[in-house]
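Let's take a walk through this one, starting with some charged side chains and ending with a pair of helices.

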Amino acid sequence: MERLDAIIEELIEKAKNILRHSYAPYSGIHVSSAIYTDKGNIYLGVNVENSSYGLTICAERSAIASMVSNGERKPLIVAIITDYPQPIPPCGACRQVIAEFNEDTVIVMYSIKSKVKQIVRLSEIFKSPFKL
Ligand code: THU
């Protein structure tokens, strides 16, 4: 439990450090994500917006892409950090993409503005992922 708390703090710290890399000129909402895997590694990502708004990539999905690109398949914890006044929950698309790899992933949401932190299991907030 103490170890879990320490990992969560490390994920928040690592995601905070790259929040400035977020490319969000349209919404102004900066988001970064840090993923802890079953192999004990951490992968990072930020949101990447586009002038064609619908092409925007969320922070969680860029972190998942990094995890898979590095040969890993199992996220245990996904932290989502933002400068928005409230913690940001994963959007529907990100819930589906995370569920592809682990439906039971622990989701940590943290706002650097309000310093509010929320922790839920993906399975609590996303009941019926699409599965083939
Ligand atoms: N965003 C994320 O990065 N993750 C989410 O799960 C929700 C939304 C980003 C996308 C966009 O750049 C900004 O937040 C506002 O929607």
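Glu10 and Lys14 sit four residues apart in helix H1 (residues 2-18), so about one helical turn separates them. In this predicted model, their side chains meet in a salt bridge, 2.8 Å from N to O. Both partners are partly exposed: Glu10 has 37% relative accessibility, and Lys14 has a relative accessible area of 34%.

Stay on H1 for another pair. Glu13 forms a salt bridge with Lys16, with the closest N and O atoms 4.0 Å apart. Here the spacing is three residues, again about one helical turn. Glu13 is partly exposed at 41% relative accessibility, and so is Lys16 at 34%.

Now for a pair from elsewhere in the chain. Lys131 forms a salt bridge with Glu103, the closest N and O atoms being 3.1 Å apart. This one links distant parts of the chain, 28 residues apart: Lys131 lies in the segment after helix H4 (122-125), and Glu103 in the loop between H3 and strand S4 (106-111). Lys131 is partly exposed at 44%, as is Glu103 at 35%. Overall, the count comes to five salt bridges.

Next, the helix pair. How close do the axes of H2 and H3 come, and at what angle do they cross? The axes of H2 (residues 59-69) and H3 (residues 92-99) come within 9 Å and cross at roughly 25 degrees. Angles under 35 degrees count as roughly parallel, so that is how H2 and H3 run relative to each other. H2 passes H3 in a left-handed crossing. At the contact, Glu60, Arg61 and Ile64 in H2 meet Ala93, Cys94, Val97 and Ile98 in H3. The residues of this contact divide into five nonpolar, two charged and no polar.

Note on methods: Residues are numbered from 1 along each chain as its sequence is written. This is a predicted model: local features need pLDDT of at least 70, side-chain atom pairs count only at pLDDT 80 or more; totals for chains, interfaces and linings use all residues. Side-chain values use heavy atoms; hydrogens and water are left out. Axes are lines fitted to C-alpha atoms, for helices over the stretch in contact, and angles run from 0 to 180 degrees between N-to-C directions. Helices (H or I, at least four residues) and strands (E, at least two) are DSSP runs, numbered from the N terminus. Angles under 35 degrees count as roughly parallel, over 145 as roughly antiparallel, 65 to 115 as roughly perpendicular and the rest as oblique. A crossing is left-handed if the near helix is turned anticlockwise from the far one by less than a right angle, and right-handed if clockwise. Contact means heavy atoms within 4.5 Å. Ala, Val, Leu, Ile, Met, Phe, Trp, Tyr, Cys and Pro count as nonpolar, Asp, Glu, Lys and Arg as charged, and the others, Gly among them, as polar. Buried means under 20% relative accessible area, exposed over 50%, partly exposed in between (1.4 Å probe, protein chains only).
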